[in-house]
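Colleague: I would like to learn how to read the packing in a model like this one. Please take the features in turn.

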Amino acid sequence: MDGKSKMQAEKVIEAHYGRMLGAIPMVRHATNTSRDNATITVTIPGTEAWGSSEGTLAPSAGFEDPTVSPHILTMYWSLSVSMFAVGGMVSSFTVGWIGDRLGRVKAMLVVNVLSIAGNLLMGLAKMGPSHILIIAGRAITGLYCGLSSGLVPMYVSEVSPTALRGALGTLHQLAIVTGILISQVLGLDFLLGNDELWPLLLGLSGVAALLQFFLLLLCPESPRYLYIKLGKVEEAKKSLKRLRGNCDPMKEIAEMEKEKQEAASEKRVSIGQLFSSSKYRQAVIVALMVQISQQFSGINAIFYYSTNIFERAGVGQPVYATIGVGVVNTVFTVISVFLVEKAGRRSLFLAGLMGMLISAVAMTVGLVLLSQFAWMSYVSMVAIFLFVIFFEVGPGPIPWFIVAELFSQGPRPAAIAVAGFCNWACNFIVGMCFQYIADLCGPYVFVVFAVLLLVFFLFAYLKVPETKGKSFEEIAAAFRRKKLPAKSMTELEDLRGGEEA
């Protein structure tokens, strides 16, 4: 894609870097990737819910300072982008510790300070060395997102009724894609994506964090944390009454008591024990694979090619078509909120992977034959929208909350930390490597993702359980059972009957 395919705000910040460093960026092939696995066309550090952009900068023909190497500009831009994922990887390992030490709500309150501080640095970027302030702000915001991406699903899974756990867990992904859509719109040049207002665009996520800080003061602590971790029975009952209304909390208290007894029979589970103990091995493999399948599904490639495909199809303003993809992204995340408790996690995850696989094949055909048949651009356009739809039906939202469902209270914090690190690491790898893969494979890049999607589908079919309608203890107990002898069976076969629940 040439410079025309970039949105104005991104070009403005690159130009600002160039002026400060004595080099003016001319061409940049942009790859936009995100933590929620949707692409942010306006790639502004800190304005998206989770996101990053990788690319290569090429200098203009002349420099204000000929002693400045164009590679310096590339280095600073790459650091601005990658420090977000690095921050997320580092902080994701502390999710379990801070969640147990402070409690779920207090931990979320405290980490908002990181978001406010990071976005304040980026919002003030024009007042100092902008590249340094943005890199620092981006790293601090990444630390916040690494913690938040673990604490939020943990809290939501623990306060949700069993019948609504999946639907409420999907709201996490809905919040992410809504933030992406808002950032796409606000990044248009006639709004905030211009030379005067881009610092304001950078600092807006800090306002959201400030709002979240005050709203969290109204939220009750997790009753599971109060009862199982702290042994505060009465406070747990009060928390349940605040969450459920006037209904009798004793049924859930009894369920927590069973989970507490199970947790008491084993020592605190560390990350090392999570991998060394055979009784957690199956659950850990499933937890890691759903994260890998989310990031390596090819959603980033779809957005990489989308603007170019819209241009070839004759769309007058391809940037608005890309925003249209963001709208579809959001709408189908809303639909998945209602589907996840009816169809079940496993069914939607499998359907999403298979739909993305078919769409990737269609995308490959469309791109390969585009030079011969102009109408193939429309095949590619349809494939783009279908790919995004199937992603948001299953592989987008489900990995965020299913990890918390796969583990009981004891190993849950460590499992969420490991899964979070895996997701962030995969995000970083995709961002760093995709540009090279795209250059090497060209339109055949979707063949790579089609093969990966097939592998993910087969793994999910054989190993991923249906957790709908099951208590945490029931799910954990299934993993502890001996593996059934038949090759076609898994330890979780009995859970699949839960699809009828």
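Colleague: Which residues have the most contacts inside the largest nonpolar core?

Modeller: First, this is a predicted model, where local features need pLDDT of at least 70 and side-chain atom pairs count only at pLDDT 80 or more, while totals for chains, interfaces and linings use all residues. Residues are numbered from 1 along each chain as its sequence is written, and side-chain values use heavy atoms, with hydrogens and water left out. In soluble globular proteins, nonpolar side chains tend to be buried together. A nonpolar core is a set of buried Ala, Val, Leu, Ile, Met, Phe, Trp, Tyr and Cys residues joined through side-chain atoms within 4.5 Å. Buried means under 20% relative accessible area, exposed over 50%, and partly exposed in between (1.4 Å probe, protein chains only). Here the largest core has 88 residues, and those with the most contacts inside it are Leu-151, Leu-274, Met-363, Val-403, Phe-407 and Phe-446. Helix α18 (residues 412-441) contributes the most, with twelve residues. Helices (H or I, at least four residues) are DSSP runs, numbered from the N terminus.

Colleague: What is Leu-274 in contact with, leaving aside its neighbours within four places in sequence?

Modeller: Contact means heavy atoms within 4.5 Å. The partners of Leu-274 include Tyr-280, Val-284, Phe-407, Pro-411 and Val-418.

Colleague: Is Arg-412 buried or exposed?

Modeller: Arg-412, which lies in helix α18, is buried, with a relative accessible area of 1%. The C-alpha atoms of Arg-412 and Met-154 are separated by 8.2 Å, although the two are 258 residues apart along the chain.

Colleague: How do the axes of α12 and α19 cross?

Modeller: Two packed helices are described by the angle between their axes and the distance between the axes. Axes are lines fitted to C-alpha atoms, for helices over the stretch in contact, and angles run from 0 to 180 degrees between N-to-C directions. The axes of α12 (residues 278-295) and α19 (residues 445-463) come within 11 Å and cross at roughly 150°. The two helices are therefore roughly antiparallel (over 145 degrees). In their contact, residues of α12 including Ile-285, Met-289 and Ile-292 meet Phe-456, Phe-459 and Lys-463 of α19.

Colleague: Where do α18 and α19 make their contact?

Modeller: The axes of α18 and α19 come within 8 Å and cross at roughly 115°. Phe-434, Ile-437, Ala-438 and Cys-441 of α18 make the contact with Val-445, Val-448 and Phe-449 of α19.

Notes: Angles under 35 degrees count as roughly parallel, over 145 as roughly antiparallel, 65 to 115 as roughly perpendicular and the rest as oblique.
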